[in-house]
Amino acid sequence: MIRHAGLRALQGLLVLLFASFAIYMLLGAMPGDPVDLMASGNPNITPADIQRLRELHGVDRPIVERYGEWLGALLRGDLGYSRMFARPVLETLAPYLANTAALMLAAFALALALGLPLGLLAAARRGSLVDAAINGFAFLSAAIPTFWLGLLLIVVFSVVLGWLPASALPPPGEDGFLARAQALILPVATLAVVEAGEYARHMRAAAREALAQDWIRTARAKGASELRVLFGHVLRNALVPVATVAALGFGGLFSGALVTETIFAYPGMGKLIYDAVMASDFNLALACLLMAALLVVAANFAADVVHALLDPRVGAARGGPAP
Amino acid sequence: MNARLAFAACVLGVAALAALGVPPLAAAFGLDPAAVDLALRYAPPSLAHPLGTDELGRDVALRLALGARVSLSVGICAALAASLVGTAIGLAAGCAGGRVDALLMRATDAVLSLPVLPVLIVLAAADPAKIGLPGGDAGGLVRIVVIVAAFGWPKVARLVRAAAMSLAARDFVRAATALGASPLRVALVHILPNCAGPILVATALAVGGTILFESVLSFLGLGIQPPLPSWGNMLGGAQEAVWQAPWIALWPGLAILAVVAATNLLADALQDLLDPRRLNAT
Amino acid sequence: MRRATAAAALLLSALAGVLPASAQPRDTLTIAITQFPSTLHPMIDAMAAKTYVLGMARRPLTTYDKDWKLVCLLCVDLPTFENGGARRVALGDGKEGVEVVFRLDPRAKWGDGTPVTATDAILAWDVGRHPRSGVASGEGYRRILKVEARDAHTVAFTQDRVTFTYNDFSQYELLPAHIERARFEADPENYRRRTAFDTEPATPGLFNGPYRIVQVQPGASITLEPNPAWGGTKPHFRRIVVRTIENSAALEANLLSGSVDYVAGELGFTLDQALALEKRQRARFDFTYVPSLLYEHVDLNLDVPAFKDLRVRRALLLAADRAGLVRQLFEGRQPVARSFVNPRDSVYAADVPEVPFDPDRARALLDEAGYAAGPDGIRRNAAGERLSFEFGTTSGNRIRETVQQALQANWRRVGVEARIRNEPARVWFGETLRKRRFQLAMYAWFSAPESVPRTTLHSESIPTEANAWAGQNQPGIADAETDAMIDALERELDPAARRPIWAKLQARYAEQAWVLPLYYRADPFVIPKWLAGIEPTGHQYYSTLRIEHWRPR
């Protein structure tokens, strides 16, 4: 088990190295380097200014050389400065990271809290109207364009009913815990609805499979109550495949909430990555993207571990990733 | 199960019919979906324009049909491309095993661990010429197809690999090998046809995924470029008008919702049909 | 379920107009803008959002007022040749320069009470001209040969040339020497990372305007409070929060739901959106449309063989129904442009002929130029070259895309094909436009009143590989006559003598049609009924420079 974990960690590092190289080269393949962008908005810039800025920002050297340098600095623990914000990268992204963490955790928790019981309920009432409704919800929620849903929620709850603020971050001075929580309701709901449908669908399928097993019948025959069967036996077994889906979904929330963040004017990682990419802020974009990749790798790893813990059939011998 | 299939078939049938039938029909009646009429901007639904008009006074219904053509073809092409690459890689890994398998699967892991949305945005904003893609009108379509193929294949590859591995252990495959069939022949003739189920399911899922993804890119202004309508860019373009002409945001949104739900249902139903033992795979 | 949401959306949008405004004590003001300023240092990187926010907290030496006249902000009176504040000086080797002497307002203080003095002006010059300080454009500072403190409140600037903008110091940003001098001198190369404007933006001493920044919530908002050391008109609001909301639909939702009080006219709604809003919200807001110096136009790349023919260029202009476009898309709120000079500018030449919408004349010109209609309806010349061009602008900009498609339809009717090819702003401005890889390009310029078009029309400003793509003469205009007029304009100090040159320059520009003028963009100011004192300027010095006069009715 430990050997397996070590191997996975090593693989994870290699994947991150690959990701950093790929992302660096991709950013380099984007037209218009940082100085091009600065120059394009500035009518009075002179050729000498441009040359000076190129040197200052180091974009006059070949990209592979810059990558080597960046990697070297990274190994020394130096992520460099964000060009856009003229601040150290870590200091720049810290507040965004905190915002994203709040949004992600809340959305993830809500999605699980909604999705898992719904899935279980649907499986327990197989074939009923409830089952059909839940299944319908699961399929529709996975098919809604996010910004459509976000805008709809804003129109209804902020503008017409006036119950909730339309932006996800209250202004400083009015940002007590309650105000912040209240402002997060709509974006969290937007994200959670989509995820919850996904979890409900998987939970329903997994629970149905578990319910069809012989030992459930045995448990029922022994007189275990329906609730006990559902929560004691079915849930535990059904969680195995759902954990994988949830872990992957969690990783995706980190950088994939861009649309929700934009609609709700919430400064999170998705938006920061987008802005950094669009402004050719290499250092910042790389740090954020690597963090996102790291999270995906970690989530995969966590899914593996959960898988191994919950399902005795998966041994450490099986080196391959979870299905 | 039949209800699911029926719903999916209905929705997809209507969309396909609209995509294939309406544009030529409109042309026959002399209606032009690109006809600009600035005097008729944001007209509410009427007899002449059953779904109203958009910001340039173009007929929303006609554009919706034309958008079906664009969105569906992008979705189908991208899904097929991703499946093709994924099937090839998964088959190679599953049949060859050993080092080849290890290498290919690590590559799959690596691609899966890239943060999808940001990397796709970088790709969408990159200079097409620099990464060897065509520009111009078709550029937007081709670009999205390539992007989805480049990032969608790992899921298919994993499914195909798993299926191939279990098939390789089956008696009829062993028998073929024993009878002297070459590994390539075994893979293509004996294993591949039996992997059709998972491939079909994954492809159906990818069609819906691509349509949704294109709508996100359009929201960011990186999707299919006007004047070519796609449901994504119609919806993206409607954001600013959401207060004055909500119907122009409504229809493309509903179209996306219905078609994506239909493809997902289709995938779900196919899965049950093709392999009743496996209830779910991711 | 889907039907229900559909009905709800329709119903709700109809209801959206009837919400009452929330009644609060009006001592705070929340303003929404569509961009977040990534840096707050006044000299590093030009950015509209930064200009907007810093307008409340900092004052430049001079500015242009709402009537587009140059006025003093930090100085006592504007130095001119007439009042003796400026004089010609010999620079040796036969060149002539100008020395201007500014007297700083003795009431001006930084937020910590330190008076604004000549040393602050000198620091700005030191930072601005330093080659490695990271200032994006050092040119303006490097044109100044010497900055001298005559006394604590008197500064003399010696400039290396004689131009009529000798006393325009609107972009000259004083820096608080008592805070920034040490940071700069310790390590000039890293000054852009060490400046207090970005490391400790809430430092009171950085600001000399009516407000000072007290809190920055990265990516989301900037909070300002009155600057106690401010000596001018006392500002009304106890606190101002500037929030960033990029999505236009969300912007509107925030305004309607009362989450923000006011959406900045300069950096807020699109005209389209404001016009639609006006129909529903007249009761709550006042709507003002201010034609600004944002000049929207279509550049023709003069390297394209067909565009070397004046008849083709004229035909494109005649075939474009600009008046119809402005009437139907913008309800006539944006004036059709005749040249690059705005009608509100004092140097505007009213006699530049208006080019009408005349597709017949356009067809005749194209016939004359040797382009006849081909089988596909697109014209081609004897060699078979089709009149088909790539037409680009920034993708995702709804108004531009709309106008672009309308123009495409216009040109199609005279047998010219425009193939739309748009790119994200970073690609478009950073690469395609800058390196002149376009055929037809739609974008806008922003300038100050009476700004000489050296960077946009002079042949020296054509971006080339050799000059590292500097300059903004994107069409590639190389016209000796235009060059001579631009040179003459800059040297002529007498406004009356400049007028005929300006008129000739505009006439030349209009007649040659290197660029198809579209319209001057209007900033829509959607001001809540209770808020008074906002005076839209229409140029790059924003209304926030008069924030101390904003107050409730």
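Buried area is the accessible area (1.4 Å probe) that two parts lose on being put together, summed over both. With that idea in hand, chain A and chain C bury about 5,000 Å² between them, and carbon and sulfur atoms give 59% of this. The model is predicted: local features need pLDDT of at least 70, side-chain atom pairs count only at pLDDT 80 or more, and totals for chains, interfaces and linings use all residues. Residues are numbered from 1 along each chain as its sequence is written, chains are lettered from A and ligands numbered from 1 in the order in which they are written, and side-chain values use heavy atoms, with hydrogens and water left out.

**Chain A on its own**

- Chain A has 13 helices and 0 strands, where helices (H or I, at least four residues) and strands (E, at least two) are DSSP runs, numbered from the N terminus.
- The C-alpha trace of chain A spans about 85 × 55 × 30 Å along its principal axes.

**Two helices that pack together**

- Two packed helices are described by the angle between their axes and the distance between the axes.
- In chain A, the axes of helix α12 (residues 269–278) and helix α13 (residues 282–310) come within 8 Å and cross at roughly 145 degrees; axes are lines fitted to C-alpha atoms, for helices over the stretch in contact, and angles run from 0 to 180 degrees between N-to-C directions.
- Contact here means heavy atoms within 4.5 Å, and α12(A) brings A:Met269, A:Leu272, A:Ile273, A:Ala276 and A:Val277 to it, while α13(A) brings A:Leu284, A:Ala285, A:Cys288, A:Leu289 and A:Met291.
- This contact of α12(A) with α13(A) has 10 nonpolar, no polar and no charged residues; Ala, Val, Leu, Ile, Met, Phe, Trp, Tyr, Cys and Pro count as nonpolar, Asp, Glu, Lys and Arg as charged, and the others, Gly among them, as polar.

**Where chain A meets chain C**

- Here 57 residues of chain A are in contact with 60 residues of chain C.
- There is 1 salt bridge between chain A and chain C, a salt bridge being a side-chain nitrogen of Lys or Arg within 4 Å of a carboxyl oxygen of Asp or Glu.
- C:Glu246 and A:Lys271 form a salt bridge, with their closest N and O atoms 3.0 Å apart.
- On the side of chain A that touches chain C, α7(A) gives the most, with 8 residues.
- That side of chain A divides into 37 nonpolar, 11 polar and 9 charged residues.

**Where chain A meets chain B**

- Here 44 residues of chain A are in contact with 45 residues of chain B.
- Chain A and chain B bury about 4,000 Å², 78% of it on carbon and sulfur atoms.
- α1(A) gives the most to the side of chain A that touches chain B, with 9 residues.
- By class, this side of chain A has 36 nonpolar, 6 polar and 2 charged residues.

**Salt bridges across the structure**

- Over all chains, the structure holds 57 salt bridges.
- One of them joins C:Asp272 and B:Arg41, whose closest N and O atoms are 3.5 Å apart.
- This pair crosses between chains, from helix α9 (residues 271–281) of chain C to the loop between α1 (2–28) and α2 (60–96) of chain B.
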